[in-house]
Structure formats: structure tokens, C-alpha cells
Amino acid sequence: QQKVQQSPESLTVSEGAMASLNCTFSDGTSDNFRWYRQHSGKGLEMLVSIFSDGEKEEGRFTAHLNRASLHVSLHIREPQPSDSAVYLCAVNSGYNKLTFGKGTVLLVSP
Amino acid sequence: NAGVIQTPRHKVTGKGQEATLWCEPISGHSAVFWYRQTIVQGLEFLTYFRNQAPIDDSGMPKERFSAQMPNQSHSTLKIQSTQPQDSAVYLCASSHRDRANERLFFGHGTKLSVL
């Protein structure tokens, strides 16, 4: 059974500074890896979906995947206070059955 | 496109009562999923349907929980004899197909509070 762990649990960065979030998983054979965010009281917003080792950029969001290290990270360039939210890592078993981590609470201070 | 619609947004039930949660997937989407979100467990997969047929219910509690998809325009999650530990946000999601490269669209969820 896939296990997904995220670190840190919470992170505070200053506006404009790079924010880096980490996610480790137990089964590197999964089909794809995703990052979502959830603003308080709101729905889930997908940020990046990555299939292959290496880097995938979507606007200010960049995911790095290393299956051998069982690790995927998310880097947020020039974060704004509006980026303050819970960021969730998800591992896709193949048919959109997702296993989520517990999340990282990001606070971007002005 | 109104997205995935879930009703009600909030539901309060007394312990032992039944709760039915509704989901309207995006038109044309063949895969419908149910997830549950709690503070302690985070987001967990419950069950999913492909073309209205139940495919994987491995995340569903063995008792009191059931899900149906009687037609392509809606799915229901029913919880019998609700307990306080059932309190959670229940999320419905749909995708065009159940492939790994398909974007999954989530509804805003139904917050269930069992008193």
C-alpha cells in the first residue's frame, strides 16, 4: 500500500522568496505524481502533474521527480500572500486513484 | 461548465441517523470518485465508478457506508447510523476517463457533522 509523507508540516516564507516543499513515497512504480493546493474552505486546485523523472514547470510552480529516491518536490517561485494555503502531494496508482500526503501549510508573509 | 456539484454543502445529523450525500459529475465524464478528508487521516480514497459501474471500493468502511451511481448524471454516498467519527468533508471528483493522465476535477465537498 502506497504511503506518502510530506515535509515540513508548516513553512513560512517571505513574499518573493522561493518556497520548497518535499514529498516521499513508498512505491516508485506509480504512474504519476501530483501537487494540489487547498485554500481554507475551498476546493482542491491541481498545480502540477509529473510522470517522468526530472522537472515539470507550470507557471511559478516546478515539480522535481526522482523515482529512485522516492522523492518529489515542489518549488514555488516568487510566492505571494495569496499562495498561502495547504499544499498536498498525491500519488496516482493508475486510474486517478490518488493517495495523498497530510499536507504542508504554507504561509507567505508580506 | 459548472464543475462537479455536491449537495448539500453542509449537513448536520444526530448520532444514529442516516445521511445521503449527492454528487453531480461534469457532463461527459465517465469516472466518478469519492474521497473523505479529516484532520487526523487527511484525504483518503473511498470508492470509484467507471461508466456507472462500481470498480474499486477498497477505501469504503465495511459497514454502514454505501455508494451508488444510478445514472451518468449523479452519484450518492449513503451513511447509515452515522457516528461522530464519520464527521468529515466528503469530496466527489470526476474525470473524462480513468487514466493516469486525465485531470481530476474535485467538487467543493459536503461537510458532514455528526452530533
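Which residues lie nearest the centre of the largest pocket? In this predicted model, local features need pLDDT of at least 70 and side-chain atom pairs count only at pLDDT 80 or more, while totals for chains, interfaces and linings use all residues. Residues are numbered from 1 along each chain as its sequence is written, chains are lettered from A in the order in which they are written, and side-chain values use heavy atoms, with hydrogens and water left out.

**View 1. The largest pocket and its lining.** Gln37(B), Thr38(B), Gln41(B), Gly42(B) and Leu43(B) lie nearest the centre, among 48 lining residues. A pocket here is an open set of points on a 1 Å grid over the protein atoms alone, where a 1.4 Å probe fits, with protein on both sides within 12 Å along at least five of seven lines, and lining residues have an atom within 4 Å of a point. The lining divides into 14 nonpolar, 26 polar and eight charged residues, with Gly counted as polar and Asp, Glu, Lys and Arg as charged.

**View 2. The largest nonpolar core.** Of its 23 residues, Trp35(A), Val72(A), Leu74(A), Ile76(A) and Tyr87(A) touch the most other members. Such a core is a set of buried Ala, Val, Leu, Ile, Met, Phe, Trp, Tyr and Cys residues joined through side-chain atoms within 4.5 Å, where buried means under 20% relative accessible area with a 1.4 Å probe, protein chains only. Another core, of 20 residues, lies apart from it and includes Ala19(B) and Met60(B).

**View 3. The surroundings of Ala19(B).** Ala19(B) is buried, with a relative accessible area of 0%. Leaving aside neighbours within four places in sequence, Ala19(B) is in contact (heavy atoms within 4.5 Å) with residues including Lys11(B), Leu77(B) and Leu112(B).

Definitions and conventions
Buried means under 20% relative accessible area, exposed over 50%, partly exposed in between (1.4 Å probe, protein chains only).
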